[in-house]
Amino acid sequence: MEEQLVLSVSIVYTTIENKTQASLIIRELIDTDLVLCSNIIDNVNSIFKWEEEIKTENECIVIMKCLAENSKKIVDKIEEIHPYEIPCIFSININQCNSKFLNWIN
């Protein structure tokens, strides 16, 4: 029977202007061992209201996988280095995760 690991995993989500900025943030967070792995989803159209105008911008979505215990530090660090005035950054706790991934992060 496969050993069941008890680790709490989270996903941290943000959007950013381009892949270069996304890569800089991700590399800093991986280098400091806060983020385990990340994905950049490029060429996303974001529509939002800013200063009473509806805006459409091309952005990247950044999804970072981490231990849940690091998610607050990651959110705080991204907010510190993110170029947007009001960045969207949030974390989601994961209820289920495959054992091979849990073994890898352990």
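Reader: What makes the order of elements in the protein β-α-β-β-α-β-α?

Author: In this predicted model, helices (H or I, at least four residues) and strands (E, at least two) are DSSP runs numbered from the N terminus, and the protein has 3 helices and 4 strands. Read from the N terminus on, these elements give β-α-β-β-α-β-α. Local features need pLDDT of at least 70, side-chain atom pairs count only at pLDDT 80 or more, and totals for chains, interfaces and linings use all residues. Residues are numbered from 1 along each chain as its sequence is written, and side-chain values use heavy atoms, with hydrogens and water left out.

Reader: Why are strands E2 and E4 called edge strands?

Author: The open sheet of 4 strands has the order E2-E3-E1-E4, with antiparallel pairing. Strand E2 (37-50) and strand E4 (89-93) each pair on one side only. From one strand to the next, the twist averages 25°.

Reader: What is the angle of helix H2 to E1?

Author: Axes are lines fitted to C-alpha atoms, for helices over the stretch in contact (heavy atoms within 4.5 Å), and angles run from 0 to 180 degrees between N-to-C directions. Helix H2 (residues 71-81), lying across E1, E3 and E4, runs at about 10° to E1. Helix H1 (residues 19-31) lies across E1, E2 and E3 and runs at about 130° to E2.

Terms used
Two strands pair if DSSP finds at least two bridges between them.
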